[in-house]
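Visitor: Could you show me how to read a structure made of two chains? I would like to begin with the place where the chains meet.

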Number of protein chains: 2
Amino acid sequence: MENILNTPLHDGFYMPGEFESHEGCILIWPARPGSWPYGARAARKAFVQIIRCIAESEKVYVAAGADVIENAREALFDIPGVTVFAAETDDAWARDVAPTFLVNGKGDRRCVNWEFNAWGGTYNGLYPSWERDNAFAKAFADDYGVPCYDASPFVLEGGSIHSDGEGTILATEACLLSPGRNPGLSKEEIEGRLFQYLGAKKVLFIPRGIYGDETDEHVDNVCAFIKPGEVVLAWTDDKNDPQYELSLESLRVLERERDAMGRKLTVHKLPIPDVPVCITQEDLKGFVFEPGEDVREAGERLAASYVNFYFSNGAVIVPAFGGDNRDSDRRAAEILRKLCPERRVVSVPARDILLGGGNIHCITQQIPNRAII
Amino acid sequence: MENILNTPLHDGFYMPGEFESHEGCILIWPARPGSWPYGARAARKAFVQIIRCIAESEKVYVAAGADVIENAREALFDIPGVTVFAAETDDAWARDVAPTFLVNGKGDRRCVNWEFNAWGGTYNGLYPSWERDNAFAKAFADDYGVPCYDASPFVLEGGSIHSDGEGTILATEACLLSPGRNPGLSKEEIEGRLFQYLGAKKVLFIPRGIYGDETDEHVDNVCAFIKPGEVVLAWTDDKNDPQYELSLESLRVLERERDAMGRKLTVHKLPIPDVPVCITQEDLKGFVFEPGEDVREAGERLAASYVNFYFSNGAVIVPAFGGDNRDSDRRAAEILRKLCPERRVVSVPARDILLGGGNIHCITQQIPNRAII
């Protein structure tokens, strides 16, 4: 692919909303022993359920390392529309390591390859080496045949941004201003990079994300566009919950701000699970951590949120946590059903994905269709 | 992928029959102006029909160059199970440039990357440069995640061999002993290479292929296994046809020889089209040849044969030539219907593929399933 010298903003490319039409979705078959306990067996079952649901309405591309690719093929062989391909990665977070796809409204697509440093590099990154993850986006773009802008050395993960497709980017200050990302850049300079590489006009910064989120509080776990002008926000009414202050601060910002088109935002509250989801001693025994890797501890509260859903063409695929959270699982699905009447809402048991540190949105990355508007 | 030091024969891998179960099929989107007249428009229509038929019973992987990949995606977007991916090639002959896949009967797969020199290199090759075609097999194997043996510098094309999956390889002397392939090797040494790289025990050499076949008479245009012990042979009863002597010579060999298992072969005659298929002045105007490329001439007889079919899991996809050959098209389909009662026989108008120099078998390459026997 020829080098692209300009930036997406200059060339008329922008990031569409996830709620717009997709050609497909990228995932990575989970294998890392420090993320997925007990040989990733339970996680893979959850991945299969999610892939099956996505494949009903879009193509699915599943990357797998050489040592697990035949396992992936075997698990997925009966799902039409799934392509398994070989790629070595450090873990399974396609949202953060796959390219961010852009369109220009004239039928062309391009994408962005961000610098990836495992959510904080040597400052507070989660694993000691991330070269394979960092190489994934460019390799995928080349294989897929979509020209790729190189945003390096600007550090960003796909999970730290949402776009409304009309010029507004949603992000958290906690993540984008974290010293582990781009410590040499001011907030204004970071905004400038998002304008340039996402073809955006305004960045809506909310201060915080989900309590305990080890990504420095990615926006995709706390707040998401349902459509232009409307967001869902992870919420709790329990003033004693550490999430309360975080969500309240963000709500105040969202109620005050306007988007790139000058609209006031409608904010729908999406309550977090009733009961904290925590790591058990039994979970812990299944992990195998390597030196320098962030480790888990028994009793640790996981960053469980229903906002970490994926919009496929036909469905909203929402995490469910089960156990004492069956009621809140149902409540979350109900709220999304009302907000997205044109899609099927599918709850997938996802505690086994949360154990890895993220959720359904974190393991997926959409490839938009070539929009012509 | 780690280097593989031994050979398939040593490691217990062999080439299954094409009539055995497939996981998928590889094709390349046609674009070369010296092969596909009038911007490949008619050829692409034929490719779409073939891909549609294959995709009914196996996955289809379609490689496309950067300049035509969005055209390929548009043409194929509505066919479930088709993956379009980016790869630069010199032309569209997946049979000859994609890897040859092997199995070991224990659930493992590997493949072979042969040296490719455009059917004869500087001696009588068909295009002046073939680096991109030669690089395709290894790149595909890596992307697909199947370990790949490197047979280089041994020159071979997938269309010059057939396997019965039980140790017998079928080939023509005209091709394999041509000075444009491996001039430094004796016939016995060439057989030895086929034993090593295809896990075979016997090479059944027939002398000749189809009259005028510019591949030096690939076996896949003249003779194919229907199952172990049974072949179809392109045939004519017209003693004045230049094909008559060629087919008769091959028939004599096939009737005399035994396969690797010691079986006598059953030979089914598959008559060639009644009327020679020739290049017209109108066809010729649509080609754009580059310097050093083999050119076509008006009136030139093309190497039309019904043996150049593809066995998909569910079908035999057979070329049809139309015009004055409607009767022979029907006759060929009838013969294959009787020989393959468990498959659908689908005739696809393929004159526009033949114009490129090959046919349905030449543009496809199967990926077998991981056999466990």
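Guide: Let us begin with the contact, to which chain A gives 13 residues and chain B gives 13 residues. Two residues are in contact if their C-beta atoms, placed from the backbone, lie within 7 Å. Please keep in mind that this is a predicted model: local features need pLDDT of at least 70, side-chain atom pairs count only at pLDDT 80 or more, and totals for chains, interfaces and linings use all residues. Residues are numbered from 1 along each chain as its sequence is written, while chains are lettered from A and ligands numbered from 1 in the order in which they are written.

Visitor: How are the two copies related?

Guide: In general, two copies of a chain are related by a rotation about an axis and a shift along it. Here a rotation of 180° with 0.0 Å of shift along its axis superposes chain A on chain B, with an RMSD of 0.0 Å. The two copies are therefore related as by a two-fold rotation axis. The superposition is by least squares on the C-alpha atoms of residues with pLDDT of at least 70 in both. The same surface serves both copies, as 100% of the contact residues of chain A recur in chain B.

Visitor: Which residue of chain A comes closest to the rotation axis?

Guide: That is A:G81, at 2.3 Å (C-alpha).

Visitor: And how do I read a sheet?

Guide: Strands of a sheet pair through backbone hydrogen bonds, either parallel or antiparallel. In chain B, 4 strands form an open sheet in the order β3-β2-β1-β16, with mixed pairing. Two strands pair if DSSP finds at least two bridges between them. The edge strands, β3 (82-86) and β16 (365-368) of chain B, each pair on one side only. Strand β2 (residues 59-64) of chain B pairs with β3(B) in the parallel sense over 5 bridges, and B:V62 stands opposite B:V84 in β3(B).

Definitions and conventions: Helices (H or I, at least four residues) and strands (E, at least two) are DSSP runs, numbered from the N terminus.
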